[in-house]
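User: Could you take me on a close look at the sheet in this protein, with whatever packs on it and any cavity beside it? I am new to reading structures, so please go step by step.

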Amino acid sequence: MSQQTSLARFQAYLLAYEQKNIDDIAAMLASDVTLRDWKICVQGKEAALAETRANFAAAQSIQIDILRVYESASAVAGELRIMVDGHIELFVVDAVDFNAAGQISAIRAFLGRGDA
């Protein structure tokens with residue numbers, strides 16, 4: 001695996017997502033990546049990028065705050081607060097797996113709720 005830690009790769013992915021930088025995200029994804037959330041499940045880099053592009057097109061702005069992180073050598077789970085267009089607040093847990101080359105091999109996102 002590359003020298004960069006799983007946490008650093010996870011943070012780089014979230015920054016690219018927040019900046020809606022599809023080129024940086026494409027460079028991070030493995031060709032056989034799986035992307036799954038509460039609405040979709042797709043396999044392969046092109047399908048994952050198509051879903052990401054659709055998310056970017058639907059939002060004028062995305063702000064991601066990392067609330068908690070759990071890290072292993074080849075995976076990270078992060079509890080995130082995502083603000084879309086300044087008024088849509090989502091609480092999500094992203095579980096991201098990395099392959100031996102340090103590329104993202106799976107992203108699984110789970111929708112939650114904020115603290116009461």
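Analyst: Happy to! Keep in mind that this is a predicted model. Let's begin with a helix: α1, residues 6–18, lies across β3, β4 (75–84), β5 (88–98) and β6. Its direction makes about 165° with that of β3.

Another helix to find is α3, which packs on the sheet and touches β1, β2 and β3. The angle between the directions of α3 and β1 is about 55°.

Now for the sheet itself. It is open and has six strands, and reading across gives the order β2-β1-β6-β5-β4-β3, with mixed pairing. At the edges you will find β2 (41–43) and β3 (62–71), each of which pairs on one side only. On average, neighbouring strands are turned by 20° against each other, with direction ignored.

Let's zoom in on one pair. β1 and β6 (residues 104–112) run parallel and are joined by four bridges. Look for Arg36 too: it stands opposite Arg108 in β6.

Finally, the cavity. How many cavities of 30 Å³ or more are there? The count comes to one, and the volume of the largest cavity is about 30 Å³. To find it on your screen, pick out the residues that line it: Tyr13, Ile25, Leu29, Leu35, Ala48, Thr52 and Ile107. Two elements, β1 (29–36) and α3 (45–58), each give two or more residues to this lining. Sorted by class, the lining has six nonpolar residues, one polar residue and no charged ones.

Conventions: Residues are numbered from 1 along each chain as its sequence is written. This is a predicted model: local features need pLDDT of at least 70, side-chain atom pairs count only at pLDDT 80 or more; totals for chains, interfaces and linings use all residues. Side-chain values use heavy atoms; hydrogens and water are left out. On a 1 Å grid over the protein atoms alone, a cavity is a set of points where a 1.4 Å probe fits but cannot get out, and a pocket is an open set with protein on both sides within 12 Å along at least five of seven lines; lining residues have an atom within 4 Å of a point. Grid points are joined across faces, edges and corners, and a volume is the space filled by probe spheres set on the points. Ala, Val, Leu, Ile, Met, Phe, Trp, Tyr, Cys and Pro count as nonpolar, Asp, Glu, Lys and Arg as charged, and the others, Gly among them, as polar. Two strands pair if DSSP finds at least two bridges between them. Axes are lines fitted to C-alpha atoms, for helices over the stretch in contact, and angles run from 0 to 180 degrees between N-to-C directions. Contact means heavy atoms within 4.5 Å.
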